[in-house]
Amino acid sequence: MRRRLAVIGAVIVASAIMPSVADAQSAEARTALWSGRYEEAIRTWEGLYRQGQATPDDMRGLLAAYQRLGQYERAIETGREYIEAEPATAGEVLNSLGEALYVTGDARGARRRFEGAMAAGSADALTARLNLGIVDFESGARRQAMERFESFIDIYNDGQATTAADLMAVARACIYLGLEDPQLFHDAVRAYDRAIGLAPSDPEPRLRLGELFLDKYDGTEAAGLIGEALRLDDRWARTNVAEARRLQFEGSAEARARTDRALETNPRFVPAWVQRATMLLSTGSREEAKHDARQALEVNPGSMDALAVLAAAQYLEGDEQAYAATGAAAAAKNPGSAALYETVAEQAAQNRLYRQAVDLSLRAVEADPVSWEAWGTLGLNQLRVGQIEEGRASLERAFAGDPFNVWYKNTLDLLDTFADYKSVDTTNFELVLRADRADLLAPYLGAVAEEAWEALTTKYGYEPPDRVRLEVFERHADFSVRTVGLAGLGALGVAFGPVIAVDAPGVAGMSEFNWGSTLWHEIAHVIAMGLSDSRVPRWFTEGLSVYEEHRARPGWGEYVDPGFLLAYLRGDMLPISKINDGFFRPRYPQHISHSYVQGSLVFELLVEEFGFEVIPGLLREYGRGATDAEAVAAVLGWDMPQFDGRFDDYVRTRFAGPIAALQAHLERTSEEVPSAPGGRVDLDAARELADADPEDFIAHLQVGAALAEAGQLAEAEPYLRRAKRLFPGHAGPDSPYLYLARAHAARGDLGAAIEELTTVVSLGDKNLQARLWLARLLEESGAPAAAAAALETAFYIDLDLPEELASAARLHQIAGNWPAVVRARQALLGLDPVDRAAAYYELARAHLGAGDVSAARRAVLFALEIAPSYEAAQELLLELRARRSDT
């Protein structure tokens with residue numbers, strides 16, 4: 001077992017400082033450095049240097065300030081100048097000079113300076129020792145590096161680490177040692193905590209500790225520490241990059257702004273260029289990503305991170321020659337490193353190339369068998385392609401080496417719950433359902449999945465080579481962990497190609513959603529990914545899936561609502577040439593959902609303009625590695641500005657009426673929007689606006705809704721009718737159709753209420769209560785088949801509805817739809833009814849009605865096993881035997 005840091009209780013006391021003008025200026029400069037006032041720090045320290053009053057500590061501060069601004073050559077020149085002028089104290093700045101040399105790619109020169117600082121016994125000799133270990137580690141001399149890092153255990157335990165900088169060096173050494181003994185991560189945290197105590201105004205120890213938590217996907221701890229560092233110095237490029245990483249993992253649009261902020265302060269900060277390139281790759285912006293990677297390499301030609309992200313861009317482009325050359329350059333720098341393959345694998349996964357990510361991760365672990373990150377990436381992607389046991393084994397190996405990685409732990413915990421799941425096979429799917437819910441869910445999910453498969457494979461002329469594994473999670477947190485490793489993902493489903501993961505119907509903690517529509521959406525992804533070899537851009541596959549939802553059922557999928565058009569008209573949304581950014585760098589809270597709708601409208605336009613066949617054609621172009629511009633030019637004959645213009649014309653023409661009805665609201669300033677304290681509508685102000693302008697949709701809707709909520713339905717009707725005419729596609733919770741249905745029902749006009757409800761459920765897919773109400777009204781009006789159909793649309797939202805399932809079975813039976821009766825009766829058994837014998841008996845009758853005598857016999861035998869004296873079941877069994885003997 002590797003030795004650990006001892007618990008040291010003694011307080012380290014900073015050296016006393018003799019008061020003088022120069023000392024006061026030095027202290028002010030240090031404060032300026034730690035608070036982001038780098039230029040001020042430089043002016044002060046340069047003044048002391050010119051006056052011959054600069055101490056070695058001042059010179060270290062000056063060189064650090066230069067580096068904070070990216071003035072590396074200036075730091076190198078000043079360091080060399082001081083060494084030549086002050087040979088007696090030259091050793092005190094050798095480490096700082098070495099750091100400036102190292103970040104510009106001069107590893108050999110840096111090594112000499114680090115060795116010199118150690119030999120001189122400089123005040124920062126421990127940092128120099130650490131830096132030497134890092135040079136060894138990053139050049140492939142791993143064993144030598146680990147021996148250097150090992151020495152820090154004795155250094156700490158012997159009390160030689162006396163400053164915050166020393167303690168940070170100890171902590172960083174422990175992090176490297178943690179690759180072989182993960183318990184040393186605890187020691188790293190302890191050393192950082194002591195450094196923070198010694199230098200409470202220095203953002204660096206907080207930042208480095210935050211980065212450690214970020215590396216382990218502990219976003220909560222990382223956010224607090226990085227936030228503290230930012231409060232001390234919000235200009236430091238390193239802090240802003242750390243915050244960008246954190247925000248990117250959370251899916252925040254602010255991540256790009258943080259990298260830009262870093263580059264404003266230090267336009268030559270390699271990690272900022274690498275981080276920005278990484279984010280650009282995830283959005284498909286490969287040319288921009290390559291540009292940023294090369295910007296990093298101009299500063300440091302040997303940056304492994306920059307080489308890796310450049311290689312990832314080349315790999316995703318299919319530029320095999322350039323990829324091989326970049327890989328060779330990385331291998332020359334560090335022959336045993338897995339870093340390049342890890343990065344390329346991660347970017348392949350970010351771009352939905354999951355099988356390729358598995359292959360690349362295998363190469364990474366072959367290059368470095370103790371790269372826990374590579375093992376983790378391998379395991380996660382094996383799970384994504386359905387290699388469940390292999391993925392578990394890889395993750396267990398990763399977690400054994402890095403037991404503080406939250407992503408690995410969460411995913412392994414989730415895999416442990418799979419013991420509570422069972423598989424239900426359909427023709428083309430393996431449904432993975434929690435065992436206690438399988439009987440309820442399988443009949444309905446299986447039916448929708450197979451219907452979607454049949455419809456979409458026929459339509460696109462493509463059939464996936466493998467059956468699809470469909471995992472259905474009863475807890476949204478479990479679904480989120482399956483997808484991104486952490487709880488909190490806002491999506492409802494994800495398609496990895498051969499694996500789909502979705503939230504279960506009615507999952508707790510999520511707002512009302514249509515699982516049927518969601519499942520259809522994800523299966524459409526499987527087709528798009530297959531036809532494009534998983535190279536389809538995010539915007540295209542999301543928009544296409546929504547388009548296919550619209551064609552599956554009336555009301556399925558997101559539609560154009562007032563919020564969408566208002567955002568479009570205000571210019572908040574992006575043109576089609578930049579639509580992908582709407583998914584990755586949203587400008588406003590609804591931008592992502594609006595981008596789904598915008599994408600679906602693209603396909604409405606293309607099918608209207610060219611016919612459906614261009615869609616598979618575009619997918620195949622993407623499969624050949626085409627960019628948006630190249631695919632559009634090849635298949636449609638348009639350039640991207642033409643595409644943007646045609647789409648804009650299409651939207652403004654197709655929705656001319658609703659656009660006109662929103663114009664008055666659009667022209668009002670926020671102060672003129674009628675509102676009252678508490679967020680309520682100011683009815684008098686809204687009525688004045690509506691009466692003044694019969695084309696003002698928002699004002700009419702606000703008046704009608706406010707009056708209806710107040711019970712004044714008759715007075716509300718004229719406003720609601722007008723709102724419905726102005727924007728006939730509005731199906732939100734304040735839809736005029738819903739209020740008008742209430743008004744019609746209140747006066748006993750069931751036919752009119754049914755008409756309003758039928759329309760609203762055909763426009764939107766999430767209103768459960770409207771569907772249940774419609775079903776009741778249809779049954780009351782003597783339309784059992786229509787009532788049953790309305791209930792079926794409700795079951796796409798929630799299946800935990802025993803009374804409604806029983807009603808559906810009864811209504812379907814009246815209408816003679818026996819397969820639907822069977823499905824409802826099977827689902828009822830999944831809800832664990834009190835009288836299971838009766839439930840099995842009713843299922844047997846349903847199977848008999850559907851002509852399946854064998855299934856009927858199995859069901860009735862289950863009934864008799866539970867209740868042997870059940871007369872009706874006995875009689876049915878006799879009837880079944882008689883039928884069997886007749887045949």
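Is D187 buried or exposed? D187 is buried, with a relative accessible area of 0%. The views below come from a predicted model.

**View 1. R190 and D187 form a salt bridge.** The closest N and O atoms of the two residues are 2.9 Å apart. Both sit in helix α10 (residues 184-198), 3 residues apart, so about one helical turn separates them. R190 is partly exposed, with a relative accessible area of 25%. D187 is buried.

**View 2. E73 and R268 meet through their side chains in a salt bridge.** The N to O distance is 2.6 Å. E73 belongs to helix α4 (residues 72-85), and R268 to the loop between α14 (255-265) and α15 (270-282), so the pair ties together parts 195 residues apart in sequence. E73 is partly exposed at 44% relative accessibility. R268 is partly exposed too, at 22%.

**View 3. A salt bridge joins D368 to R142.** Their closest N and O atoms are 3.3 Å apart. D368 lies in the loop between α20 (354-367) and α21 (372-384). R142 lies in helix α8 (residues 142-157). This pair links distant parts of the chain, 226 residues apart. D368 is buried, with a relative accessible area of 12%.

**View 4. D628 is buried yet has no salt bridge.** D628 lies in helix α32 (residues 628-635). The nearest side chain of opposite charge, R286, is 9.1 Å away. The D628 side chain instead makes a polar contact with the side chain of Y622, at 2.6 Å. Leaving aside residues up to four places away in sequence, D628 touches P537, W539, Y622 and M640.

Key. Residues are numbered from 1 along each chain as its sequence is written. This is a predicted model: local features need pLDDT of at least 70, side-chain atom pairs count only at pLDDT 80 or more; totals for chains, interfaces and linings use all residues. Side-chain values use heavy atoms; hydrogens and water are left out. Helices (H or I, at least four residues) and strands (E, at least two) are DSSP runs, numbered from the N terminus. Buried means under 20% relative accessible area, exposed over 50%, partly exposed in between (1.4 Å probe, protein chains only). Lys and Arg count as positive and Asp and Glu as negative; His and the chain ends are not counted. A salt bridge is a side-chain nitrogen of Lys or Arg within 4 Å of a carboxyl oxygen of Asp or Glu. A polar contact is a pair of N or O atoms within 3.5 Å; within protein, one must be able to donate a hydrogen and the other to accept it, and residues adjacent in sequence count only if both atoms are side-chain atoms. Contact means heavy atoms within 4.5 Å.
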